[in-house]
Structures are given as structure tokens and as C-alpha cells.
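Visitor: I have a structure to study and would like to talk it through. Could we begin with the terms?

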Amino acid sequence: MPPGSSGAPGLAGTPGSGEEKTPAGAARYRPSVAILGFKNVSPNSKDAWIADGLSEWLLTELAAGEKLRLVPNENVARVKRALQLGDTAVIAPEQLPRLRENLGSEYVVTGTCFPRGGDDEDGAVRVDLRLQRADNGEIVLSVADEETRPELPALASRLAARIREKLGA
């Protein structure tokens, strides 16, 4: 049974169940994912946009194919403020149940980005991404990748492909 499924009859298609009714009425499981964001570890304030850009690009890429349920970034931001999480690369195990309850997400994505090359607009950016189960904290995917700033959307596409592959979506 998929993580977060109740197994109770008649609950398919209810919010947070991970299932939705198809036009024919059959339930179709779609894993739910919340992108909590990336912590930018650059000391340069000019690089602040990179973390937000990665989150937005990753959300767009994961939405392709409609095989995952994605928590809107606005909801994630609201819950992060309410739980006083801020920008963090790792979520403490005691925070996960509250995140899952408030976001209805089975998985969370966190990570870091480290722009290298100073003010070079074509400089490389290293991204470390973690896909973590919200029910038990298990890190089910950990990926490190690097790309130049102009190619960051392509990097987000590669990372999304790895997440979709891991979740069977």
C-alpha cells in the first residue's frame, strides 16, 4: 500500500489520501510531494535568486505528466512560516509529522545550492537534493549535480526526472 494510504474503503479521492478518482471512477495513486526549498550557502547576496529559481523550476518539471500531486509553493511558504522552519537543508524528524499534517504531503524535497565562481554569470552551481519520506524521515533519494547558471533549468529537469523515477511516476 502506498505511504499515507489509509486502506479504508470509500476514502479514495479524499484530500491527503494520495488517490484521486479518474473519469471512469477508478482510483489512481499519485504520490504527493512538497518542495520545501533549497538553502543557498553562498555568501554573495546576488546569488539569492538561485534557490527560489530551482524550487520553481523543479515544481514545474515535476508537474509535467500529472503523475505526482504537488503542494503549491504558497502553501509550503505559509506552513514553513507557521512552523518557523526558515531556509533549512535538513528537516528535523520531529518536524516531519507536522509538515505532513499541514501540507498533506508524503514526501518533501530539501537541499542546498552552492554557486561557485564568484560574480561569474556563467559560473557553476552545485545542487544537493534530498527526497525524504514525511512519515518516517527516511531519505529515499540523495543527488548531487552541478551546472552552469544559464543551464540551471536543465539541471532542474534532470533532478525532477530522478525524483519521478524514484517514485515510479
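Guide: A residue is called buried under 20% relative accessible area, exposed over 50%, and partly exposed in between, using a 1.4 Å probe and protein chains only. This is a predicted model, in which local features need pLDDT of at least 70 and side-chain atom pairs count only at pLDDT 80 or more, while totals for chains, interfaces and linings use all residues. Residues are numbered from 1 along each chain as its sequence is written, and side-chain values use heavy atoms, with hydrogens and water left out.

Visitor: Is Trp 57 buried, exposed or partly exposed?

Guide: Trp 57 is partly exposed, at a relative accessible area of 28%. Trp 49 is also partly exposed, at 40%.

Visitor: How many aromatic pairs are there?

Guide: Rings of Phe, Tyr and Trp (its six-membered ring) pair if their centres lie within 6.5 Å; planes under 30 degrees apart count as stacked, over 60 as edge-to-face and the rest as tilted. The count by this rule is 1 aromatic pair. The ring centres of Trp 49 and Trp 57 are 6.5 Å apart and their planes stand at 80°, so this pair is edge-to-face.

Visitor: Changing topic, where is Asn 73 found?

Guide: Asn 73 belongs to helix H2, residues 73-82. Helices (H or I, at least four residues) and strands (E, at least two) are DSSP runs, numbered from the N terminus. Asn 73 counts as buried, with 14% relative accessibility.

Visitor: What is Asn 73 in contact with, leaving aside its neighbours within four places in sequence?

Guide: Contact means heavy atoms within 4.5 Å. On that basis, Asn 73 touches Ile 35, Ser 55, Glu 56 and Leu 59.

Visitor: Which residues in H2 are buried?

Guide: Asn 73, Val 76, Val 79 and Lys 80 are buried in H2. Viewed down the axis of H2, the buried residues fall within an arc of 125°, so they line one face of the helix; the arc is that of the directions from the helix axis to the C-beta atoms. These buried residues pack against E3, helix H1 (48-63) and helix H3 (96-103). Glu 74, Arg 81 and Ala 82, on the other side of H2, are exposed.

Visitor: And the strands: what does E5 pair with?

Guide: Two strands pair if DSSP finds at least two bridges between them. Strand E3 (residues 32-40) runs parallel to E5, joined by 7 bridges, and Gly 37 has Thr 110 as its bridge partner in E5. With strand E6 (residues 124-133), E5 pairs in the antiparallel sense over 9 bridges.
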